[in-house]
Amino acid sequence: MTDTAKTYGGALYDLALNEQLVEEILRDLQLVSSVFADNPGYGKLLANPAITKEERRQLIDEAWGDQVHLYTRNFMKLLCDNGTIRQLPDCAHEYKRRYNDDHGILAVRAVSAVPLRNELQEKLRQKIASMTGKTIELSVCVDARLLGGIRLELPDRQLDGSVQYHLDALSRKLRNTVL
């Protein structure tokens, strides 16, 4: 993430906090970020220097109208004007990070070799919550390369209990052993 995204996302969060619009702007940013992710050409269009700034601003108003708050539309226009519209998803990420910090939420990603049953996800969420004292926002994904076990990805560290990690560690140990 760039310093620009941190600065802009943080400034938008401060404004939303001041205006008591934190949740509304968060929803807007999640919606807009998903459109950017699903339609990469949209960010390219808004960053296209062949289109005037005024035309790009109009495109934002026409596309988003009353679907998002005026502050969100103006934020998008500001990014367009500054040539940084492609950083909107990173700005949204910084905004969400600040939101999570202020609300005691810890985003954790659990990666496993097979889909985790709902009961296991809930136990995992509760265990991490008891260890951290925070509300856990758990996302789960599957990576068959793990062979088995689970890897937890937290904002500041990774806890790897996967079979692949243990095999790699054993391999490193064997290579470093002198017979």
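Beyond its neighbours within four places in sequence, Arg98 is in contact with Gly10, Tyr13 and Asp14, where contact means heavy atoms within 4.5 Å. The model is predicted, so local features need pLDDT of at least 70 and side-chain atom pairs count only at pLDDT 80 or more, while totals for chains, interfaces and linings use all residues. Residues are numbered from 1 along each chain as its sequence is written, and side-chain values use heavy atoms, with hydrogens and water left out.

**Surroundings of Arg98**

- Arg98 belongs to helix α6 (residues 88-102); helices (H or I, at least four residues) and strands (E, at least two) are DSSP runs, numbered from the N terminus.
- Between Arg98 and Tyr13 the C-alpha to C-alpha distance is 7.3 Å, although the two are 85 residues apart in sequence.
- The backbone oxygen of Gly10 is reached by the side chain of Arg98 at 3.3 Å.

**The sheet**

- Four strands form an open sheet in the order β2-β1-β3-β4, with mixed pairing; two strands pair if DSSP finds at least two bridges between them.
- From one strand to the next, the twist averages 20°.
- Strands β1 (residues 105-112) and β3 (residues 150-153) run antiparallel and are joined by four bridges.
- Ala110 stands opposite Leu152 in β3.

**Helix packing on the sheet**

- Helix α7 (residues 118-132) lies across β1, β2 and β3 and runs at about 135° to β2; axes are lines fitted to C-alpha atoms, for helices over the stretch in contact, and angles run from 0 to 180 degrees between N-to-C directions.

Key:
Polar contact = N/O pair within 3.5 Å; in protein donor to acceptor, adjacent residues only side chain to side chain.
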